[in-house]
Amino acid sequence: MKISSLGYSFRQGIKNIRRNLLFSLASIGTIVACLFVFGLFYCVLVNFRGAIHKIESSISISVFFDEGLSDEGINLIGEQIKTRKEVNTCDFVSAEDAWKEFSEQTYDDPEAARAAFGDDNPLAHSASYKITLNDAGKQADFIQFLESIEGVRKVSSSTYTADSISAINAFVGYASFGIILILLLVSVFLINNTITIGITVRREEIKIMKLIGATNSFIRAPFIIEGVMIGIIGSIIPLVLLYYLYDLVINYIAGRFSILNSLFEFASPWDMFKLLIPITLLIGIGIGFFGSLITTKKHLKI
């Protein structure tokens, strides 16, 4: 397309927005609402997954060995465990460390309790590997792998907690996808109506343009530009709102509820928006482009 034709298409696209201002504003408002909700869910999901990852790292699996197993056999088990991709950490806990940790968690005076037992360690056969995974949903398969290793006497884990975390994670993901999909469809529908009205208003002009030899792309271009401009405007507004709202919320929570900082750490605005900005712009432009493209093909009959 020539520069002069491109300039004409832009001017006509702006005129179409002004001519159908009410429907254009409705389309922009719907895209703003859609992408604002999308951005909210994105911010929640990023921080939620960060919190889930922290919880997952605290859910440990303990692997105990057969009595009398040699140090070489214990090291071999550790090497097999560390080769698995789902393993986040794998730390060896000696019988002495296990007894010290148990006494500190159980007795008011752990040093006196250890002194009372002397050299008689009640957890003498409790050496283990303490393992955390990077995905709690893989715990069941990983436990089966551990139980199949020769020299492993017992595997202790919190399967219920891991299953609950996986279920919550999946539910949030599906719910977010469903809500965003509905809003996207509504946005495309409103853009469809806006472009349809623009075509109806200019129907006689379009007929004349076709009679004097205007190409299909030349006729279609202003409407597509109109849809893209609506999509861009509808993308920028929620991004600005979300940035200031997110910064305000995390600063407020950090100041008023400092205890939450020990539970999980909020993603910084930069980490959050370095992906959210291009994703939101692509979605907004995509809604405007495909919405107007589908409409022009349907109503212009060209």
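This is a predicted model: local features need pLDDT of at least 70, side-chain atom pairs count only at pLDDT 80 or more; totals for chains, interfaces and linings use all residues.
View 1. Pro269 touches Tyr243, Tyr246, Asp247 and Ile250, leaving out residues up to four places away in sequence. Pro269 itself belongs to helix H11, which covers residues 269-299. Its relative accessibility is 16%, under the 20% limit, so Pro269 counts as buried. Tyr246 is 23 residues away from Pro269 in sequence, and the two C-alpha atoms are 7.3 Å apart in space.

**View 2. Trp270 in helix H11.** Trp270 has a relative accessibility of 63%; because this is over 50%, Trp270 counts as exposed. Between Trp270 and Tyr243 there are 27 residues of sequence separation and 9.5 Å of space, taken from C-alpha to C-alpha. Tyr243 is also among the residues that Pro269 touches.

**View 3. Helix H9, residues 216-256.** H9 has 41 residues. From its first C-alpha to its last, H9 reaches 60 Å, close to the 60 Å expected at 1.5 Å a residue.

**View 4. The open sheet of 4 strands.** The strand order is E2-E3-E1-E4, and the pairing is antiparallel. E2 and E4 are the edge strands, each of them pairing on one side only. From one strand to the next, the twist averages 20°. Strands of a sheet pair through backbone hydrogen bonds, in either a parallel or an antiparallel manner.

**View 5. Pairing of E1 with E4 and with E3.** E1 and E4 run antiparallel and are joined by 4 bridges. In this pair, Phe64 stands opposite Lys154 of E4. E1 and E3 also run antiparallel, with 5 bridges joining them. Here the bridge partner of Phe64 in E3 is Ser128.

**View 6. Pairing of E2 with E3.** The antiparallel strands E2 and E3 are joined by 6 bridges. Thr89 stands opposite Thr132 of E3. Strand E3 is mostly covered, with 5 of its 6 residues buried.

**View 7. Helices H3 and H6 on the sheet.** H3 packs on the sheet and touches E1, E2, E3 and E4. The direction of H3 makes about 5° with that of E3. H6 likewise packs on the sheet, touching E1, E2, E3 and E4. For H6, the angle of about 10° is with the direction of E1.

**View 8. The largest nonpolar core, with 19 residues.** The residues with the most contacts inside this core are Ile61, Val63, Ile81, Tyr129, Ile131, Phe142 and Leu146. At least two core residues each come from strand E1 (60-65), helix H3 (71-82), strand E2 (87-93), strand E3 (128-133), helix H6 (139-147) and strand E4 (152-156). H6 gives the largest share of this core, 4 residues. Apart from this core lies another, of 12 residues, which includes Phe38, Cys43, Leu239 and Ala267.

**View 9. Contacts of Tyr129.** Which residues are in contact with Tyr129, leaving aside its neighbours within four places in sequence? They are Ile61, Ser62, Val63, Phe65, Ile74, Asn75, Ile77, Gly78, Ile81, Cys90, Asp91 and Phe92. Tyr129 is one of the residues with the most contacts inside the largest nonpolar core.

**View 10. Ser70 in the loop between E1 and H3.** Ser70 has 40% relative accessibility; this value lies between 20% and 50%, so Ser70 counts as partly exposed. Gly151 is 81 residues from Ser70 along the chain, and their C-alpha atoms are separated by 9.6 Å.

**View 11. The protein chain as background to the close-ups.** The chain contains 11 helices and 4 strands. Of its 302 residues, 40% are buried. Among contacts with a separation of 6 or more, 84% are between residues 24 or more positions apart.

Notes: Residues are numbered from 1 along each chain as its sequence is written. Side-chain values use heavy atoms; hydrogens and water are left out. The expected span of a helix is 1.5 Å times one less than its number of residues. A nonpolar core is a set of buried Ala, Val, Leu, Ile, Met, Phe, Trp, Tyr and Cys residues joined through side-chain atoms within 4.5 Å. Buried means under 20% relative accessible area, exposed over 50%, partly exposed in between (1.4 Å probe, protein chains only). Contact means heavy atoms within 4.5 Å. Two strands pair if DSSP finds at least two bridges between them. Axes are lines fitted to C-alpha atoms, for helices over the stretch in contact, and angles run from 0 to 180 degrees between N-to-C directions.
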